[in-house]
Amino acid sequence: ETDMARKFGVMQVTALVVLCSSFFILFSSMSSSSSSSVSSSGAETVHLTRDSTGEDEFPRPKFSGGDFDYVDVDFLKNYYDVDLVNEDPPMYAFNNFLTDEEVTAILELATPAFSPSTVRTSRDKSAYRTSSTAWLTPDVTGKNLQHKEVVSKLEDRIADIVRLPANNQEHFQVLKYDIGEYYKIHSDYIPEQGNYPAGVRALTFYCYLSEVEEGGETSFPNVNFTMKPSPKSCLLWYSTYPHTTTMDSRTDHIAKEVTKGQKFGCNKWIHINDFVTPWASGQSI
């Protein structure tokens, strides 16, 4: 009986050691590895472990207090098909960013609301800019609640990328260019907006909604860069230097003339502070 008890005791200890070792290996594996899935763009998405600051998980914490910085393109590559297409100043192309549902929602909301485009805060019609514009303001999006929800979720996606609250965004400005229409060289920066609560436009997230048979490129002559329209893709650039409200004239750009076909696109202008709240009370231009 004594030998059997001793053997039984050894077997218990051995089993306990094996169990503890297995648990340790499993725990270590879970702690050190990252899980992965496939994003909507088809790229593998890596879900990193959040550190104490949240800087290692998407979406990262948003900037506040009027601050902002360039996006981290290497980090975003874990989640989107994105390329740094111009280094200085940085410009980023998000390939196949929009879904078919998002394109449909934007165009169906905009189509009944198109009117001739205007320039600057005076909202004057001008030969400097020939196109049609529709703003997706609440009175427009409210006519189709399903489309409104799609647009709202898209705005949240953009907010996560640029790390600024969705309320810092102006409403989508949808554009239609027919043959012969264009917008000459200009900046999205409007100095007068610095006197209003939202502050100036710091970023532009421009999305291409259609094929263009010929023409319609977005050209940045000061840095010799041109973006050809590609449906469902978007281009991000900055109108100010990071951490400042100083205009960056290097991103002055041209909507080149459409020479064949038709072009649809949309601007998403992003301010350094909340735009939506003061806009609702008439404190914006």
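Helices and strands are taken here as DSSP runs, numbered from the N terminus. The model is predicted.

The fold contains an open sheet of eight strands, ordered β3-β4-β14-β10-β17-β8-β7-β5, with antiparallel pairing. β3 (82–86) and β5 form the edges, each pairing on one side only. Within this sheet, β10 and β17 run antiparallel and are joined by seven bridges; Y208 has G265 of β17 as its bridge partner. Helix α5 packs on the sheet, where it touches β4 (91–94), β10, β14 (234–238) and β17. The direction of α5 makes about 55° with that of β17.

Two or more lining residues come from each of β5 (115–116), β7 (132–135), β8 (173–177), β9 (182–186), β10 (201–208), β15 (253–255) and β17 (263–271). By class, 14 of the lining residues are nonpolar, ten are polar and six are charged.

The second largest pocket has a volume of about 270 Å³ and is lined by 18 residues. Nearest its centre lie L136, P138, E155, H171 and V276. At least two lining residues are supplied by each of α4 (138–141), α5 (145–162) and α6 (276–280). The lining of the second largest pocket divides into seven nonpolar, six polar and five charged residues.

Methods
Residues are numbered from 1 along each chain as its sequence is written. This is a predicted model: local features need pLDDT of at least 70, side-chain atom pairs count only at pLDDT 80 or more; totals for chains, interfaces and linings use all residues. Side-chain values use heavy atoms; hydrogens and water are left out. Helices (H or I, at least four residues) and strands (E, at least two) are DSSP runs, numbered from the N terminus. Ala, Val, Leu, Ile, Met, Phe, Trp, Tyr, Cys and Pro count as nonpolar, Asp, Glu, Lys and Arg as charged, and the others, Gly among them, as polar. On a 1 Å grid over the protein atoms alone, a cavity is a set of points where a 1.4 Å probe fits but cannot get out, and a pocket is an open set with protein on both sides within 12 Å along at least five of seven lines; lining residues have an atom within 4 Å of a point. Grid points are joined across faces, edges and corners, and a volume is the space filled by probe spheres set on the points. Two strands pair if DSSP finds at least two bridges between them. Contact means heavy atoms within 4.5 Å. Axes are lines fitted to C-alpha atoms, for helices over the stretch in contact, and angles run from 0 to 180 degrees between N-to-C directions.
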